[in-house]
Amino acid sequence: MKFQQNFSQKQQQTQKLAMTQQLQQSIQILQYNSEELLAFVENQALENPLVEVVEPEWQPDYKKTSNNYDGEETSYLNQIPDTKGSLFESLIDQVHLNYRDTFLRKMILYLIEYIDLNGFLTIDLADASEDTGASAIQLLDALTLIQQLEPAGVGARNLQECLMLQTERDDFAPALAYIVLEECFDELVQRKWKDIAQKFSIELSEVQKIFDYLQTLSPSPGRIFDNSNELYIIPDVKVLVHSNNEVQVVSNRASQPNIRFQETYFKQMNQKADKETATYLKERKQEFDWLKKTMMQRGDTILKVAQVIVSRQKEFFTDVNRPIKPLTLKEVASEINVHESTVSRAVHGKYLETTFGIFELKKFFTTRIANNNTTGSEDLSTEMAKKKLQELVDLEDKAKPLSDQKLVELLKKEEVVISRRTVAKYRDLLGIPSSSKRKRYDK
């Protein structure tokens with residue numbers, strides 16, 4: 001049997017998308033939020049001498065207040081901002097102010113190094129004893145002195161001790177609050193209040209008062225020294241509602257970084273350029289043109305997506321109840337004739353400004369709950385279902401809170417047909433406890 005190979009030539013035409021570096025960057029630029037976009041163009045300006053970055057002009061709207069107060073002289077001291085130090089600095093200052101330089105103070109300073117930002121001690125006293133050579137009694141004395149410092153609750157080793165330290169210093173705390181925390185903390189958390197009431201021979205309403213009081217205490221006392229800077233959201237588009245309830249979407253381009261071509265520098269260099277320099281300048285100009293075009297396309301895409309969202313969710317901007325209709329990425333993509341992934345990138349980290357707040361564009365996308373009633377009304381979004389669920393819980397009798405099954409029945413009357421399991425899911429997402437944990441024992 002002979003083996004024979006046959007060779008032939010034929011021409012075949014195919015189409016495929018080549019993911020060039022510029023295409024990849026264009027996709028990435030669309031996904032950038034305002035802060036990321038500014039960082040990107042600044043980096044481009046460092047690499048390309050023909051690119052000049054124009055910083056965004058948008059600023060948060062502060063209310064200006066006068067510095068001239070009646071009966072008070074205007075002083076430069078009044079212009080000095082009131083800044084707080086860290087928790088660590090505050091504790092160190094209090095120690096040096098209140099305690100003499102002894103071995104015990106050294107142990108206090110040692111333990112302070114192991115207090116976290118929430119104000120909790122993170123080292124076990126047994127480990128501290130091995131590390132320092134101090135006795136367990138000496139370290140306990142040092143910790144006791146730390147727990148007398150400000151803020152109340154600092155130096156606690158767990159949440160129970162933190163709440164006890166705060167309760168101990170509060171003259172207005174309920175009479176039995178401290179002892180209940182000390183002896184029945186687990187029962188209080190697990191809402192075994194009848195056991196607590198029986199043990200201390202008190203009414204359930206008294207236990208309720210103690211529980212309500214504990215809600216006013218801080219589980220992280222050290223956080224009052226948090227010096228993290230306040231962050232501001234820079235909106236990408238703005239929604240204007242006119243007197244006739246017409247809604248207009250405008251691009252907030254002033255809030256976005258812009259780039260400017262260094263025309264004077266380009267002409268000066270081009271006049272005395274050799275062949276290599278001319279090639280370099282040509283490439284850099286092409287990079288600028290591409291970047292300018294890509295940024296314009298980004299802004300146009302975000303505006304188009306926002307316009308579709310607002311047209312579909314018009315009632316959210318005109319109705320004080322702020323209803324949200326079902327809307328998917330696919331529906332928006334189909335309307336502006338782009339891929340669904342493009343819409344996803346266009347809404348990622350982008351915000352919309354209104355007269356009543358700033359909202360992330362993602363907020364307006366929500367799934368649909370099929371409406372099985374025969375009234376012909378529109379399907380509801382999951383957000384509206386959650387809103388109706390929250391309203392029912394807010395209006396319930398807290399002495400007899402609604403069970404999940406009862407909520408299912410009441411929602412059905414509101415033409416929201418969902419299962420008991422879905423009610424429990426939405427309740428968890430909204431941070432609503434179960435009916436047994438919502439029950440109150442007020443007289």
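## Salt bridges

The count of salt bridges comes to 22. The model is predicted.

One of them joins the side chains of Arg260 and Glu52, with an N to O distance of 3.4 Å. This pair ties together distant parts of the chain: Arg260 sits in strand E4 (residues 258–261) and Glu52 in strand E1 (residues 51–54), 208 residues apart. Arg260 is partly exposed at 43% relative accessibility. Glu52 is partly exposed too, at 27%.

Arg169 and Glu150 meet at 2.9 Å, N to O. Arg169 belongs to helix H7 (residues 159–169), while Glu150 lies in the loop between helix H6 (136–146) and H7, 19 residues apart. Arg169 has a relative accessible area of 32% and is partly exposed. Glu150 is partly exposed at 45%.

Lys388 and Glu414 form a salt bridge at 3.8 Å, N to O. Lys388 is in helix H16 (residues 382–395); Glu414 is in the loop between helix H17 (404–413) and helix H18 (420–429), 26 residues apart.

## The open sheet

Four strands make an open sheet with mixed pairing, in the order E3-E2-E5-E6. Strands E3 (247–251) and E6 (357–360) are its edges, each pairing on one side only. Neighbouring strands are turned by 25 degrees against each other on average, direction ignored.

E2 (residues 237–241) pairs with E3 in the antiparallel sense over five bridges. Val241 has Val247 in E3 as its bridge partner. Helix H12 (residues 275–312) lies across E2, E3 and strand E5 (351–354), at about 165 degrees to E3.

## Cysteines

The whole structure holds zero disulfides. Cys162 is buried at 0% relative accessible area. Cys184 is buried at 3%.

Definitions and conventions:
Residues numbered from 1 in each chain as written. Predicted model: local features only at pLDDT ≥ 70, side-chain atom pairs only at ≥ 80, totals over all residues. Heavy atoms only, no water. Pairing = 2+ DSSP bridges. Helix = DSSP H or I, 4+ residues; strand = E, 2+ residues; numbered from the N terminus. Axes fitted to C-alpha atoms, helices over the stretch in contact; angles between N-to-C directions. Contact = heavy atoms within 4.5 Å. Disulfide = S-S within 2.5 Å. Buried < 20%, exposed > 50% of the residue type's maximum accessible area, 1.4 Å probe, protein only. Salt bridge = Lys/Arg side-chain N within 4 Å of Asp/Glu carboxyl O.
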